[in-house]
Amino acid sequence: MFYIKINNDIIAVYITLFFALFSIIFILPKKFMFTIIPILIIYEILLYRNWNNYIKGFMLIYNQVYNIIWPKRSEYFNIELSGISKENTISIFMSFTIFLIIMLICYFTIVKPNFFFGFLITFPFIEIGLYYGKTPALLPAFMVIIYWTVLLSVHQSGYYRNLGRSKTGFIRKGNHFIVKPIIKYRTAGQSGIILMTGCALIIGLIFIIINLTGYSRSDRLNIVRDNLKTALSEFTFNDVKGSIERISDSFELGNIKIYSHRLGNLHSISYNNTTDLIVTCDEAFNPNGNIYLKGYVGSIYDGKSWNELNSQIYDNSSGLFDNSNLHPQDFLYNSLNENSSLNYTLNIEICFRNAKYNYTPYNSVPKGEIKYINDTVIELENKKNYSFNISEKQNFNSLMKQEQYGNNSEYEEFVYSNYLKVPDNDEIKKLYNNFIKDNISDNVYTQLSYIRTLLSDNAEYTLEPGKTPADRDFVNYFLTENHKGYCVHFATSGIILARMSGIPARYAEGYVMTEDDLKDENLTQNGYKVEIKDNRAHAWAEVYLKEYGWVPFEFTPPSAAAFTNIQTSETKETTSTHQNITKNSENISLSSNTKNADEITDTTIKTKTEKSVNSHTDFSHPSDNNQYPIGLKLIIAATFSVILIISIIAAIHLIILKKRSNSFKTDNYSENAINAYEYILKLIDFCGIKNDNMQHLEFAEYVEKELKGTFKSNEFIGVTKIALEAKLSNKIISREKSEAIIRLALKISDIIYKRQNLIVRIFMKYFKNLC
């Protein structure tokens, strides 16, 4: 993910040497583990002598990674080297660091297999790259995943025992004897080897089949693959919920909308060309501007996300919103339609499954019962299908050009108290000094137009702006360093600059319907029917006008995704997508014809063509006659997967049975008896009977009482006495006594197995490996 200038040959030698050293030490009997102590002493002495170069090596690596992530910045550390090259200094740091990492990996893989610690040691190296939008190479990533899989298998192996324990039996604690394992099982390691080999074989088999059949991924599969690849590369712990939802959505199992308002988490965006909304309206409806359908309003900007005002703020001003005649959501309609009625109907049907908002056009009145959400949005009883009476007046620029005469209302005071706030930090102050301080106009429209021009001149509209660093303010990074973004970047930046100029503003999300949507091609017998694609998801600013309330204002350039032609049906299948844009506050994508928010023209802005799926295909396309149906491909893949899983489970089962059988056939009859007795205890434990600190004979009586019909009278008591004799006596017990316990163990196993239903039998046999 990050190319580091380093002496690769030396590092490869050290890696091989360290792995060999620790593997040998940890595989040998436990007494040899003490050899680590002198090795660590030598390590500390060498590290002490090279401490300065070690620290400088870290700084050099940090500088290289830093410049890869932020190529326009200067190096983070200023380093002076004397008598040693940069590559050798980095090699020193890498060698000492790799030593510790390999030691921990070997310990938690060989001595105490633990998936959690193995994952914790290795995953951060991948997450750092993913966090900054760097995709790991396929082979190393695949090898790490195989390591996690194998380690998890070893960790969860039911018959793993510490390899350092070779002699076991009973442990005496006071007057109690506690059974401990005597068999030195190695099935965990063998399971891991089988699993690792199986993974390698299945991958090799897949490549062979691909080459023999000339298989090439279908266009749809390429889309899903690219979706998943990008979703994984965009995964971040800063937004776990959104990351998981994007991964889930990448499989295209249904149109689901992701609701997240974090900023700068995505490296790039694209769209799936799915229909999110279906809007129908009267044929006579002829709006004079774009129709913004508002679903969400963000009021508080914290540098990383948009959030709603704290509920306590509304509670303290509850009187402002209790009067049903003075809801801020109605101000615009009441001001513009005092002497006229709305004669046009607009209906919205939601196509995605998890509708959360009612998307409301400006200058309209909903039909049905309304619930006002503070001063931001409305809720209707039906979130899937609802209607509005709407006015043709949808261009509000002329209102902004007028002089603003306040009415000194309580709500106006509320607005100026809450919607002018910006974060109090150096990054925001720098923006004010650079862009606003000497450029403030008394006219709202003039000031907003200045800000829009400023944004257009200082930033490029793109769907691939890269992530915002976690330690940076979203707006500051966009305007002063990255200079790339889409509608979320432009809207957010415009709002913050407007607030600095003394204009109350807030963030809005939803969809855009354009005038050009109302064309003959969308005309039906019942009026216009417009499919609003996912690429029409959009973000814009709302500004407060003293006489009219909240109106939309567009800071995003007219070349924006939401203002561009959608692809034709001929090109849909050759478009590579990263993820569904309707899923996130940052997920806005390419769209249909529209006008600039300020000027209404007939100019059509052509869309940028996305990459063809051929650029993502690893193998040449055979002719259509050689293509296999997608269903057959899925069946083949599923069959191989099932065969692999069954093979692994069966192999582990056979290994455990063989080990157990051999443990009953040693030359020491006492050991054979104790092994068989342990096996009986496992069977009893499977039946749900636990030994709560009872003595052995007392526990034997309890077992016979609880498992009536399984043991004959005094049968288990008798074998318990034999087991105690086998452990405590200085003499080896007779062959007859040993065989008696083994016969009982096998008989009890058969009885318990036959009593279970089919599912429990499979679990008992192949997962618990008890018969």
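User: Which strands does helix α14 lie across, and at what angle does it run to β18?

Analyst: Contact here means heavy atoms within 4.5 Å. Axes are lines fitted to C-alpha atoms, for helices over the stretch in contact, with angles from 0 to 180 degrees between N-to-C directions. Helices (H or I, at least four residues) and strands (E, at least two) are DSSP runs, numbered from the N terminus. In this predicted model, helix α14 (residues 410-418) lies across β15, β18 and β19, at about 125° to β18. Helix α16 (residues 444-458) lies across β18 and β19, at about 35° to β19. The model's local features need pLDDT of at least 70, side-chain atom pairs count only at pLDDT 80 or more, and totals for chains, interfaces and linings use all residues. Residues are numbered from 1 along each chain as its sequence is written, and side-chain values use heavy atoms, leaving out hydrogens and water.

User: In what order do the strands of the sheet with β15 and β18 run?

Analyst: Strands of a sheet pair through backbone hydrogen bonds, either parallel or antiparallel. Two strands count as paired if DSSP finds at least two bridges between them. Here the order is β8-β4-β15-β18-β19, an open sheet with antiparallel pairing. Its edge strands, β8 (360-361) and β19 (549-553), each pair on one side only. Strands β15 (residues 505-513) and β18 (residues 537-545) share 7 bridges, and tyrosine 507 has alanine 541 in β18 as its bridge partner.

User: What does leucine 497 touch?

Analyst: Leaving aside residues up to four places away in sequence, leucine 497 touches Phe435, Ile436, Ile451, Leu454, Leu455 and Leu479.
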